[in-house]
Amino acid sequence: MTESLLLNLSLLILFLPLLGFTVVLFLGKKFPKLYLFEVGIITTAFLLSVFVLFAKLSYFTAQDIGSSFTWISMSAAPLLGNINIELGIKIDNITAIMLFVVNLISFLVHVFSIEYMHGDKRYTRYFSYLGIFTFSMLGIVLTDNLLMMYIFWELVGLSSYLLIGHWFEKKSAADAAKKAFIVNRIGDIGMFIGILILFTHYKTFSFDIIFQQLSLGNIPFNSEVWLTAAGILVFMGAVGKSAQFPLHVWLPDAMEGPTPVSALIHAATMVAAGVYLVTRIFVMLTADAMLVIAVIGAFTSLVAATIALTQNDIKKVLAYSTVSQLGYMIMSLGVGAYAFAFFHLVTHAFFKACLFLGSGSVIHAMHHEQDIRNMGGLRKKLPITYFTFLISTIAISGVPLTSGFLSKDGILAGTLAFGKLTGHWLIPIMGFTVAMLTAFYMFRLVILTFHSEPRDHHKFEHAHESPFVMAAPLVILAVLSIFIWYTPNPFAPDAGWFMKDWVKTPASVVPVETQFDFMNPSSSGNHSELHREIVHSPLYTEAMHWAHYPAMALSIFLAGMGILVAYLMYQWKKINADKLAEKIKVLYNFSLNKWFLDEVYDATAISGTTNFSKFLSWFDNTIIDGAVNGTAWLGRFFSKLSDMFDTYIVDGFVNFSAFFSGFIGLSFKRLQTGKVQTYIVFVVFAVIILLLFFKPF
Amino acid sequence: MLSIPIEYYLILSAFMFIVGVTGVLIRRNAIVVFMCIELMLNAANLSLVAFSSYHGNPVGQIFVFFVMTVAAAEATVGLAIIIAIFRNKLTVNVDEINIFKW
Amino acid sequence: MELANLYQSINLIIPEIVLSIALIVLVIADLIFHTNKKIIPFIAGTGILVTAIFVINQFNYIGFAFSTATHTARSFGMLAVDSFGVFFKLIVIVSSFIIVLLSLASDEIQKTTDRIGEYYALIYGMILGMFFMITATDLILIYLSLELLSLSSYVLAGFTKLRDRNSEASLKYLLYGAVSSGLMLFGISLVYGLTGSTNLYIINTLIQNPHINLFTLSFATILIFAGIGYKISSAPFHFWTPDVYEGAPITITAFLSVASKAAGFALLIRFVKTVFVSYETNEGFWSLIEVFDWQSILVVISILTMTLGNFSALWQNNLKRMLAYSSIAHAGYMLLGLVVLSNQGLIAILIYFMIYLLMNLGAFLVVMLIANKINSEEIDDYNGLGFTSPLLSVSLAIFLISLTGLPPTAGFIGKLYLFIALVDAKMIAVAIIALLNSVVSLYYYVRVLKHMYLVKATASTPSIIPSTSNAILLLVLVVPVLIFGVYFQPLVEFAKDCIVILGI
C-alpha cells in the first residue's frame with residue numbers, strides 16, 4: 001500500500017463518473033442500454049472508494065496524502081507579478097469518509113433510479129446527469145485548494161440545476177431549477193469575494209499554504225476584520241448550497257426534481273457540500289465568524305423545524321427537516337463541535353437518503369401521490385418501506401441505539417458547553433427545541449403515512465411494494481442508521497472509532513486573541529506542526545464533561561415528548577390537531593406558509609425591482625402629463641437628444657467602424673490584382689521604401 | 001600590377017541587376033521574365049566574384065558555383081511549369097494568368 | 001578540416017542524413033513498386049518517424065557542424081545544432097507527418113496514383129530544405145536551403161495538374177519566389193562584400209566595426225529580409241500567399257502555411273539573433289548592434305502584416321483563400337514576439353507555433369474533408385452543414401475560435417503570452433493594435449460558423465461523416481486544442497527549454 005496508489009485510485013474515482021457522463025450523454029440516444037454503463041461505473045467507483053477508505057484509515061490514519069501540479073506559472077504577469085497556481089488533491093480522513101459516503105449514496109441512488117425512472121423520456125440523459133453530479137461532488141471533496149473548490153462548486157450548482165429541471169416541461173420544475181440556481185448564485189458571490197480576498201493577499205489558493213501563513217501570524221491586509229470577513233464571505237457559499245437561512249428557500253422547491261435526485265442531492269451530498277466547505281475553512285474562522293455561523297445555523301434549524309410541523313407534502317416535510325438538520329451541522333461547527341458536525345453529516349446522509357428513497361418508494365406505489373393527507377395505512381402494503389422508514393425516523397428523532405442519537409447528542413452537548421463557556425444560552429435552547437420538534441413532525445409523518453386508516457381507498461388498493469432494486473438501497477441505508485457501525489457503546493459517541501481515531505478537531509490557526517479562549521490550544525500543544533490536533537483548554541474539556549449527561553438526558557426526554565405528542569395527536573387522537581390549529585391560528589398559518597418568506601422575497605427582492613420600475617414610470621407619466629410642462633419638454637428634449645445620440649452617434653459609430661473596416665478590407669483586397677508582376681512591383685517598392693525609412697542616417 | 005578597380009565590377013553588376021528587375025516588371029512573356037530573373041542572379045554572381053577577388057578569399061567563388069547550379073535547377077523547374085501552363089492556356093503571357101485575384 | 005571534425009559534424013547532421021536516405025529509399029521504392037503504389041505513403045511516414053527519433057536525440061545537444069577552423073578563438077560552422085533548432089525541426093516533423101496522413105485522406109492527391117512517389121519525394125525535399133534552413137548559420141547554406149525548399153514547393157503547388165488553377169499557382173509562386181530569392185542573393189553578395197565572410201557569427205563581430213558602410217549594410221539587410229519575408233509571408237512580401245494557397249492542393253497549402261512558415265521564422269529569428277544582437281541583458285532582452293533598427297522595422301512589418309491579412313480576409317468567400325489571409329495575419333502576430341527582442345517574446349513565438357500547428361492543420365483538415373465530398377471550398381456551400389455533419393462542424397468551430405484567440409481554446413493562450421511579452425516590453429500601443437486586429441478577425445471566422453449553424457439545412461445539404469481513421473486524426477488535433485486551452489503549463493515549460501540559440 002503506497003501513497004501513490006491511493007492517489008491514483010482517488011483520481012480514478014474522481015474521473016470515472018466524468019467518463020460515464022461523456023459517454024452516456026453523447027451516445028445515450030443511439031444506445032439506450034448505456035445507462036447500465038453509468039451504473040457500472042458508479043459501482044466501480046464505489047468499490048474503489050471502499051478500498052480507499054479502508055486503506056486510508058488503516059495505513060495512513062494520522063497522515064494526509066496529497067499531490068498537486070502547477071497549472072499556471074507566470075513569472076511576470078502584467079499587474080500581478082509572480083503567479084503560481086497549483087491544482088491538486090488531498091486525502092485526509094474526512095476526505096476518505098466523504099468519498100465513501102458520496103459514492104455509496106450515489107451508487108444506491110443509481111440502482112434505485114433504474115426502476116423509479118423506468119420509462120422516462122430522457123432516461124439515459126438522466127443517468128448522464130447523475131454522472132456529472134457525482135463527478136463535481138467528488139471534486140469538491142478531493143480538492144486541496146479554493147479555486148478548484150469554486151469550480152466544482154459551480155459545477156455542482158449546474159448539475160443540480162439540470163437534475164431539478166429534469167422534467168422541464170412542467171413549469172414548476174423549470175421554475176424550481178431556476179430558483180435553485182439563482183439563489184445559490186447569491187451565496188456564491190460572497191464565496192467568490194472571500195476567495196479573492198484570500199488570493200489577493202496570499203497569492204495562492206491552496207488551503208495548506210493559507211493556513212500555514214495564518215499560523216505564522218500573516219493575516220489578510222494585517223487586519224482581523226478582513227480575516228473575519230473572508231471567513232464569513234466564504235461561509236456565504238455554504239449558506240447558499242447548504243440551504244441556510246435566509247437562502248434556504250430553494251431547497252423545498254427543488255423537490256420538483258425526481259425523488260432519487262432529492263435523495264442524492266438535496267439530502268445527502270450536495271447540501272452537505274456547504275458543511276464540508278466550513279469544515280475545510282474551520283481553522284481560519286475567528287470567534288466573530290464562528291458566532292455568526294452558530295447563530296445562522298441555530299436559527300435555520302429552528303425556522304425549518306417549525307415550518308416542517310404543518311407541511312402536508314411528504315417530500316416538503318423531508319425537505320424542511322433536511323434544512324433543519326443542516327442548520328444543526330452548521331450550528332455545531334459554529335460552536336466548535338467540529339467532529340460532531342462531521343459525524344452528523346455522515347449519519348444524516350444515510351438516514352435522510354433512506355427517508356427520501358422511502359418517500360420515493362411510497363410515491364411510486366401511490367402513483368405520484370405526494371400529499372400525506374391522502375395516504376395512511378400503507379404499513380400493510382409496503383412493509384419493507386415502512387420498516388426502513390421507521391428506523392430512519394427513529395434515528396433522526398434522536399432515540400438511543402441509533403446513529404442519529406449519537407451525533408445529535410454530541411451536537412447538543414457541544415452547544416450546551418458553548419452556552420456555559422460564552423453565555424450564549426439562546427443557541428442551546430434553540431437546539432433542544434428543535435430536537436423536540438423534529439421528533440414530533442417526523443412521527444407525524446410516519447403515522448399519517450403508514451399508520452391509521454387509508455384515506456384514499458382507490459389509490460390504496462393499487463399500492464404495491466417496490467421491486468428489489470428499489471427496496472435493497474432502503475435496507476442498506478436503514479442498517480447504516482444503527483449505532484453499531486460507529487461506536488460499541490450506544491451512549492458514548494466519543495468512545496467509538498469514528499470519533500476517537502478518525503475525525504479530530506483541528507487546531508485554529510487564527511491569532512490567539514481573535515479566537516474563543518476555549519478554542520485555542522493549551523500551551524502544552526505542539527505548535528510547529530501545521531495540522532496539529534486541538535488540545536483543548538481544560539476549560540473546554542470541563543464544560544464538555546459537564547454538558548454530557550444533562551444534554552443526553554434532556555435530548556432523550558425531549559425526543560420522547562415529541563414522539564408522545566405525535567402519537568397523542570395523530571395515532572390515538574387524544575388531542576384534536578385541527579382544533580389546536582384553530583386555537584393558535586396565527587402561529588399555524590405562520591408555519592404553514594413557511595414564515596411567509598417566499599412572500600417576503602416576492603414583495604421585496606422580486607417585486608421590488610418591478611415596483612421600482614413601475615414607480616419610475618408613474619413618476620415619468622405624472623411629470624409628462626402634469627403641470628410642469630417645461631420639465632416635460634426638457635425631458636422629451638433630452639430623451640430625443642439621447643435617442644439621437646444613440647441612433648446617430650453610437651449606432652453610427654458602430655456602423656461606421658463596421659463600414660470602415662469593410663472599406664479598408666475592400667481596398668486591401670484590391671491590391672491583390674492577380675497579376676504576378678504587380679506583386680513584384682510591390683516587393684521592389686517595398687524594398688525601396690523600407691530603405692528610405694530605415695536608412696541609418 | 002594594373003587591375004580593374006572593384007567599383008567597375010560593382011557598377012556593372014548593379015546595372016545588370018536593375019536591367020533584370022526592370023525586365024521582370026515590364027516584360028509580358030513568361031519565358032522572357034524568367035530570363036530576366038537569371039540576369040538578376042548573374043548580377044549577384046558577378047559581384048560575388050568581384051568581392052571574392054577583392055577580399056582575397058575563395059568563399060565568394062564557391063558560392064557562385066552553387067548559385068549557378070541553383071539557377072539551372074530553377075530554370076528546369078520554371079520551364080516545366082511554363083510548359084504545363086502553356087498546355088492549359090495556350091499562352092505564356094503573364095497578364096492573362098490571373099484567375100486568382102482579390 | 002580535420003577528420004575528427006568531419007566525423008563529429010556527421011554526427012550532428014544525422015537527422016538530415018537519415019532523411020536523405022529515406023528520400024533515396026522512397027525514390028527507389030517508387031521505381032520498384034510501380035504497379036501498386038499503396039506502400040509509398042507508409043515508407044514516407046516511417047521515414048519521417050525514424051527521423052523524428054534522431055531529432056529528439058539531438059535535444060539538449062549543442063555544437064557546430066563543419067567548422068572552418070581557420071578562425072581563432074571560436075570555430076564557427078555552417079550548421080548550429082541547438083535546442084531552438086530541434087524545436088523547429090520537431091514542428092516540421094510533426095506537421096509533415098500530419099500532412100502524410102492528410103494526403104492519405106485527400107481525394108485530390110489520391111487521384112494521382114501514378115505520380116504519388118514523386119509527391120512524397122518532393123515533400124521530402126521540402127523537409128530537407130527546411131531542416132537546413134533551421135540550422136544554417138552560413139549565408140551560402142541559407143540560400144541553398146531556401147532554394148531547395150522553394151523549388152520543391154513550386155512543383156508541389158502545381159502537382160495535381162488537374163485544372164489550370166494548379167499551374168497558375170505554380171507559375172506565380174515560381175516567378176515571385178525566384179525574384180525574391182534573387183533579391184536576397186544580391187543582398188547576400190553585398191554583405192559578403194562588406195565583411196568578406198558568409199558566416200553569421202563572423203559577420204556579427206565584423207559589423208561591430210565602426211567603419212562599416214551602414215547604408216550598404218541596411219540595403220543588404222532589407223534585401224535579405226525580403227527573401228525571408230517572402231517565406232514567412234509577411235507584408236509587403238505576402239502577395240503570392242493567397243493565390244498560391246487557393247490554387248495549390250489543400251495538403252500542400254496546409255504544409256506551406258505551417259511547416260514552411262515555421263522554417264522561415266526559425267531562419268529569421270536565428271538571423272536576427274546571431275547577426276545583429278551583441279549581448280543578452282539579465283532580464284532576457286537582446287541588445288542590438290547599432291547598425292540597423294530591427295525593432296522599428298519589425299513593428300511596422302508586423303502591424304502591416306496582421307492588418308492586411310485580417311482586413312483582406314473579411315471579404316473572402318473561398319475558405320482556402322480566407323485561411324491564407326488568416327495565416328498571413330498569424331505571421332503578423334508571431335512577428336510581435338520577435339519585435340520585443342527578448343527571450344520572453346521568443347518563448348511566446350514558440351508557444352504560438354505549437355498551437356498554430358494544431359489549429360491551422362486542423363482547420364485545413366476539415367476543409368479538405370468537406371471538399372472531398374462537395375468538391376468546393378466556397379463558404380456558401382457550407383450552409384447548414386452544422387446540422388448534417390456535427391463532428392466536422394464542431395471541430396471546425398473549435399479550430400476557428402482558437403484561431404480567433406478566444407478562451408477556452410489554445411489559441412487564446414498563444415495570444416496571451418504574446419501580449420504579456422509586449423506589455424512587459426512596454427509596447428502597450430502595439431498590443432492594443434494587435435488586440436483590435438483580433439476583434440476584426442472574429443468577424444470572418446465567425447462568418448463561417450454563421451453559414452454552418454444559422455442557415456437551416458436543406459434537403460440538398462450533404463451529410464458528411466468522416467471515416468474512422470479521419471475522425472481519429474481530427475480528434476487528435478481537436479482535443480489538444482481544448483486541453484492546452486486549459487492546461488498549458490507543459491507548453492510553456494517546453495518552450496522555455498527550447499530558447500537556446502547557439503552563439504553570442
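## Chain B

In chain B, 46% of the contacts with a separation of 6 or more are between residues 24 or more positions apart, where a contact means that the C-beta atoms of two residues, placed from the backbone, lie within 7 Å. This is a predicted model, in which local features need pLDDT of at least 70 and side-chain atom pairs count only at pLDDT 80 or more, while totals for chains, interfaces and linings use all residues. Residues are numbered from 1 along each chain as its sequence is written, and chains are lettered from A and ligands numbered from 1 in the order in which they are written.

Chain B has three helices and zero strands, the elements being DSSP runs numbered from the N terminus, with helices (H or I) of at least four residues and strands (E) of at least two. Its radius of gyration is 17 Å, whereas a compact globule of 102 residues would have a value near 13 Å; the radius is taken over C-alpha atoms, and the globule rule is 2.2 Å times the number of residues to the power 0.38. The C-alpha atoms of chain B fill a box of roughly 55 × 25 × 25 Å along the principal axes, and 34% of the 102 residues count as buried, a class that requires 20 or more other C-beta atoms within 10 Å of the residue's own, with C-beta atoms placed from the backbone.

## Chain C as a whole

Chain C contains 21 helices and four strands. Its radius of gyration of 22 Å is close to the 23 Å that the globule rule gives for 504 residues, so chain C is as compact as a globular protein of that length. Buried residues make up 63% of chain C, and among its contacts between residues at least 6 apart in sequence, 77% join residues at least 24 apart.

Helix α12 of chain C, residues 250-276, has 27 residues and reaches 37 Å from its first C-alpha to its last, close to the expected 39 Å, which is 1.5 Å times one less than the number of residues. α12(C) bends by about 35 degrees at Leu256(C), the bend being the angle between axes fitted to the seven residues ending there and the seven starting there. Because 27 of the 27 residues of α12(C) are buried, this helix is largely enclosed by the rest of the structure.

Strands β3 (277-280) and β4 (286-288) of chain C pair in the antiparallel sense over three bridges, where pairing requires that DSSP find at least two bridges between the strands. Glu280(C) has Trp286(C) in β4(C) as its bridge partner. The two strands form a hairpin with five residues between them, and Gly284(C) in the turn has a positive phi of about 90 degrees.

Toward chain B, 30 residues of chain C are in contact with 33 residues of chain B. On this side of chain C, α7 (139-157), α8 (164-195) and α11 (240-247) each supply at least two residues, and α8(C) gives the most, with 16 residues. The residues on this side divide into 13 nonpolar, ten polar and seven charged, with Ala, Val, Leu, Ile, Met, Phe, Trp, Tyr, Cys and Pro counted as nonpolar, Asp, Glu, Lys and Arg as charged, and the others, Gly among them, as polar.

The contact with chain A takes 35 residues from chain C and 29 residues from chain A. Here α10(C) gives the most to the side of chain C that touches chain A, with seven residues, and that side has 26 nonpolar, five polar and four charged residues.

How values were computed:
Buried ≥ 20, exposed ≤ 12 C-beta atoms within 10 Å, placed from the backbone.
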